[in-house]
Amino acid sequence: MIAYGALMLSVVLLGQGAGPLLDRQRWAHHHPAAAITLWLGALSGAVAATVGLVALVVFGSPGPGHGIVEWFDRCVKAHAHTGAALAVMLSLASLAGMAGMTRTITVRLRETLAVRRRHREILGLLVSTRQDLDDVCVLDHPIPVAYCMPARDRPIVLSSGALDRLDPAQLAAVLDHERAHLKGRHHLILAIVDAVGSAVPLAATFRHARAALPRLLEHVADDAAAARHGRAAVAGALRNLVIMPCPPGSLAATPSGAEALEQRLARLEGMRPAPHGRRLAWTGAAISAAIPFAIVAGWITAITFTC
């Protein structure tokens, strides 16, 4: 019973409480990479606790899957008087719930990939290439925009208007911003969080994460570009690009709203974080990254000892 209670508490704390708490942390904008690690620790911990709870119901004594572990004949018969019928009902309900969530997640991921594929097919008819930019395709349009989509060939899209308006330093900053997205697999992170969040719409942590993670990932990409070209170049590029919604499944250099743009500009041009803040942030992130592994180890041990 202790294991059941611990897993249920983990589901509630990580799935409902962690998101609103993380969303209120002001230091996250100064240390976005550490904040993203905290978010992913909370999200994966919530998933691990949920899977563990289902596994414990199904495979723990006297669940019907208990015998699959190894001791079917001996263990299930020995525990038949402790509520085997109720365990079967709970197990079937849990498995049905997990099957429904898995289906929702799969459908959402397939939709995301289909949207990206259609957009790439359309771009293939409209863009041109430049020899000096081997990972960029150029869209002939006067509106200055820049975004990237995961693809094997030329994943960064720049409009001709952006090439005309950005100076060399700003152009280099934009390209490194988009390359940071691609290198960090930020599209994959957002796609998975969106897919799992669509399966558990009432989970506050996933709901908040779907809003917070895109902002934090933009900060990470801004930092990567600023490290090579300076904050002024990144801020200047943001001011020269047009604010507009990015295509589905892509990550644009500029945000979709004026408020988000002002927040990023204030962060680039404003005060620096406290000197010890980075160490504290990464300490917390390291601890949070261990959460899902600890939960998985805990429920595996619990299932083992119920035998």
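Strands here are DSSP runs of E at least two residues long, and helices are runs of H or I of at least four, both numbered from the N terminus. The model is predicted. Its protein chain holds eleven helices and five strands. Of the 307 residues in the chain, 43% count as buried. Among contacts between residues at least 6 apart in sequence, 70% join residues at least 24 apart.

**The sheet**

- The five strands make an open sheet with mixed pairing, in the order β1-β2-β4-β3-β5. β1 (127-130) and β5 (251-252) lie at the edges with a single partner strand each, so one side of each has no neighbour in the sheet.
- Strands of a sheet pair through backbone hydrogen bonds, in either a parallel or an antiparallel sense.
- β2 and β4 are paired in the parallel sense, over four bridges. On this side of β4, Val-138 stands opposite Leu-158.
- β3 and β4 run antiparallel and are joined by three bridges. Tyr-147 stands opposite Val-157 in β4, and Ala-146 has Leu-158 of β4 as its bridge partner.
- Helix α6 packs on the sheet and touches β2 (133-139), β3, β4 and β5. The direction of α6 makes about 150° with that of β4.

**Strand β4 and its two faces**

- In a regular strand the side chains alternate between the two faces of the sheet.
- Both faces of β4 are covered. Ile-156 and Leu-158 are buried on one side, and Val-157 and Ser-159 are buried on the other.

**Helices α6 and α9**

- Two packed helices are described by the angle between their axes and the distance between the axes.
- The axes of α6 (residues 168-183) and α9 (residues 231-240) come within 8 Å and cross at roughly 90°. Angles of 65 to 115 degrees count as roughly perpendicular, so α6 is roughly perpendicular to α9.
- On the α6 side, the contact is made by Ala-169, Gln-170, Ala-173 and Val-174. On the α9 side, it is made by Ala-233, Val-234, Gly-236, Ala-237 and Asn-240.
- The residues of this contact divide into six nonpolar, three polar and no charged.
- Ala-233, Val-234, Ala-235, Gly-236, Ala-237 and Leu-238 of α9 are buried. The elements covering the buried residues of α9 include α6, α8 (204-229) and α10 (258-269).

**Two arginines with positive phi**

- Arg-154 is in the loop between β3 (146-148) and β4 (156-159). Its phi is near 50°, a positive value in a residue other than glycine.
- The relative accessible area of Arg-154 is 13%; the limit for buried is under 20%, so Arg-154 counts as buried.
- Arg-185 is in the loop between α6 and α7 (186-199). Its phi is near 55°, also a positive value in a residue other than glycine.
- The relative accessible area of Arg-185 is 54%, and exposed means over 50%, so Arg-185 counts as exposed.

**Cysteines**

- A disulfide is a covalent bond between the sulfur atoms of two cysteines.
- With a cut-off of 2.5 Å between cysteine sulfur atoms, the count of disulfides comes to zero.
- Cys-137 is buried, at 3% relative accessibility. Cys-148 is also buried, with a relative accessible area of 0%.

Note on methods
Residues numbered from 1 in each chain as written. Predicted model: local features only at pLDDT ≥ 70, side-chain atom pairs only at ≥ 80, totals over all residues. Heavy atoms only, no water. Axes fitted to C-alpha atoms, helices over the stretch in contact; angles between N-to-C directions. Parallel < 35°, antiparallel > 145°, perpendicular 65-115°, else oblique. Contact = heavy atoms within 4.5 Å. Nonpolar A, V, L, I, M, F, W, Y, C, P; charged D, E, K, R; others polar. Buried < 20%, exposed > 50% of the residue type's maximum accessible area, 1.4 Å probe, protein only. Pairing = 2+ DSSP bridges.
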